[in-house]
Amino acid sequence: MAAGAMLPTLPYAWYADPAVARVEQERLFAVSWQYAARADQVAEPGQLTTAFAGSLPVVLARARDGVLRGFVNVCRHRGHPLCDGDARRETIQCPYHAWTYSLDGVLRNAPRAGREPGFDRESLGLVPVSVDTWGPFVFVNPDPTAAPLADALVELPALLADGGLDVDALRFHARAVSDEYAANWKVCVENFLECYHCAVAHPALTKALDVSPDRYVLETRGRLATQVGPPRDGGGGVYDATGEIERGQFHLLFPNTVVNVMPGRPNLSIGPVLPHGSDRTHRFLDYFVGADVDESWLADYRALDDQVGAEDRALVEAVQRGMASGGLEHGTLLPESEQLIAWFQTSVVEALGADTDA
Ligand code: FES
Ligand SMILES: [Fe+2]
């Protein structure tokens, strides 16, 4: 294809087909590192929390030996989910028939097991997944033999540090859980990956950040797609964008973890984009700020983020309806302004092992 030629998007059928969602889980989410939780949720022995890796439910637990482990959050007996949310416990007991696992995943007890001569307790432990941490962040990868998280993060920690942010000095502010989006997860990610729509759809953000194509930089490194934008007029009266963080950084760690840093005081939000079937998406963001960030700054910063989030929700849900209308088989990408979407779509196609001409 000639350099600079317009590119077709992925087929719109891929944003609605349950069969594609199943293949994405098997070939993408089942083998990828994804943000799952905060380290403080599982800091001490006996603490556990739940999360999702794509659509796979997982439980993260720190056992008495101090090791943080992850497991598929489904009982080995007959499939009842085991845990929901944060807890402090010595064991994990299934609510259905009370099979009881220790926090290292070993099946300890099953009622009536002694009456079943063939009961093989050792083979019925929880199914392990990989867990790893980076500063205050916990990531999960369903592949129990996954390479370390640091290999997937590539230069992300260094980019944040170079931008003036010390992730270890951040304090947790709040988790913002979004209502489910009526859109495929890829629509949400692709919307995140371009700021071509910012001047049209995000008036407040466009006052605060310089989103012009000559100032707003798009880059990829390995599994990382990065957008870097300077503030405009100290934040343009929307919020105070002056401070030690001189530029906004917006990263996608392929396939579905977003990391946002706004210019101004130390801040970071991080969260996964999680498919719920083929046409619904679940999202949350964990917000962190510097230790001495004051409440009024935080209120302005969150108000802008919430406004941008509401504007993006309307866009992605409308796009899902347009894609599903059946009138068009695919769309068209701008190879320059939407280069990160092109990178994302190529990465999806490679992971799925699919034919790009589909
Ligand atoms: S399904 Fe868990 S104990 Fe039966
Ligand atoms: Fe947006």
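How are α4 and α7 oriented to each other? I looked up the pair: helix α4 (residues 185–192) and helix α7 (residues 295–324) pack at about 130 degrees, with axes 10 Å apart. They are therefore oblique to each other; angles under 35 degrees count as roughly parallel, over 145 as roughly antiparallel, 65 to 115 as roughly perpendicular, and the rest as oblique.

Ground rules I noted: this is a predicted model, where local features need pLDDT of at least 70, side-chain atom pairs count only at pLDDT 80 or more, and totals for chains, interfaces and linings use all residues. Residues are numbered from 1 along each chain as its sequence is written, chains are lettered from A and ligands numbered from 1 in the order written, and side-chain values use heavy atoms, leaving out hydrogens and water.

Helices here are DSSP runs (H or I, at least four residues), strands likewise (E, at least two), numbered from the N terminus. Axes are lines fitted to C-alpha atoms, for helices over the stretch in contact, with angles from 0 to 180 degrees between N-to-C directions.

Next I checked who touches whom. Val187, Cys188 and Asn191 of α4 meet Asp312, Leu315, Val316, Val319, Gln320 and Met323 of α7 (contact: heavy atoms within 4.5 Å). By class I get six nonpolar, two polar and one charged residues there; Ala, Val, Leu, Ile, Met, Phe, Trp, Tyr, Cys and Pro count as nonpolar, Asp, Glu, Lys and Arg as charged, the others, Gly among them, as polar.

I then turned to α8 (residues 339–352), whose axis comes within 9 Å of that of α4 and crosses at roughly 145 degrees. Trp185, Lys186, Val189 and Glu190 of α4 contact Ile341, Phe344, Gln345 and Val348 of α8.

Asp312 turned up again at the iron ion (ligand 2): the protein donors are His197 (NE2), His202 (NE2) and two OD atoms of Asp312, 2.0 to 2.6 Å away. Donors are N, O and S atoms within 2.8 Å of the metal (3.2 Å for Na, K and Ca); water is not among the atoms, so sites may look incomplete. I read the spacing as H-x4-H-x109-D. His202 sits in the loop between α5 (198–201) and α6 (203–208), and Asp312 in helix α7, 110 residues apart.

Last, the backbone. I found a cis peptide bond joining Phe254 and Pro255, omega about 5 degrees. Pro255 lies in the loop between β15 (248–253) and β16 (257–261). Arg112 has a positive phi of about 70 degrees, though not a glycine.
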